[in-house]
Amino acid sequence: MVRLQLPDPALRDTKYLASQERLVMMVRLHWAIMLPVLLQTLGAVMLALVVNILFAAQGIDTGPITTVLWYFALFMILRMLWKIADWHFDHLMITDKRLLKVSGIVFRKVQTMPLSKITDLTYNRDPLGRLLGYGEFVVESAGQDQALSKINFLPRPDRLYLTLVDMTFGGGPSPAGDD
């Protein structure tokens, strides 16, 4: 039996690390970031299905209407698959010197912020984030606005926060269990 295994893009992206840089933690954004796309796709498929069933039950010729709706549903399914692939390739890397966010499938984008430039780190969790296990970081730095000023949908945010605080400000406690 032939088994297809996709390469992990995170392993490939260690090439963005400097020669003296040590990777401390790497995470993919939380799966909850995909919920809006999933619900939109489900809504499009349900709309096409309901309209098709209702028109067929009443004996109405629905050729162009249902065709357009099914093409729209197919477009939404393909869009969802693209967003899932994009999510699979996006991740956040914390090194002993920098914070990196790598994203993109065709065109890779690498956003970095030196840990030495971070002056304040705010950690937020809304009720849905507490329930599903994700959080948000607001990173403030000395000087101008940075590319990584707001990072949403981070998994295991308690552990990430403690790790980042320890790396940035030093002397933090060891990571505890998730909230």
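Predicted model: local features only at pLDDT ≥ 70, side-chain atom pairs only at ≥ 80, totals over all residues.
Local features of the model require pLDDT of at least 70 and side-chain atom pairs count only at pLDDT 80 or more, whereas totals for chains, interfaces and linings use all residues. Residues are numbered from 1 along each chain as its sequence is written, and side-chain values use heavy atoms, with hydrogens and water left out.

An open sheet is formed by four strands in the order β1-β2-β3-β4, with antiparallel pairing. Strands (E, at least two residues) and helices (H or I, at least four) are DSSP runs numbered from the N terminus, and two strands pair if DSSP finds at least two bridges between them. At the edges lie β1 (23-27) and β4 (109-114), each of which pairs on one side only. From one strand to the next, the twist averages 15 degrees. Strands β2 (residues 91-95) and β3 (residues 98-103) are joined by four bridges; M93 has L100 in β3 as its bridge partner.

Helix α5 (residues 157-169) lies across β1, β2 and β3 and runs at about 150 degrees to β1. Axes are lines fitted to C-alpha atoms, for helices over the stretch in contact (heavy atoms within 4.5 Å), and angles run from 0 to 180 degrees between N-to-C directions.

Residue Q111 is located in β4. Q111 counts as buried because its relative accessibility is 15%, the cut-off being under 20% relative accessible area (1.4 Å probe, protein chains only). Leaving aside residues up to four places away in sequence, Q111 touches L99, L100, K101, A147 and L148.

Notes: Buried < 20%, exposed > 50% of the residue type's maximum accessible area, 1.4 Å probe, protein only.
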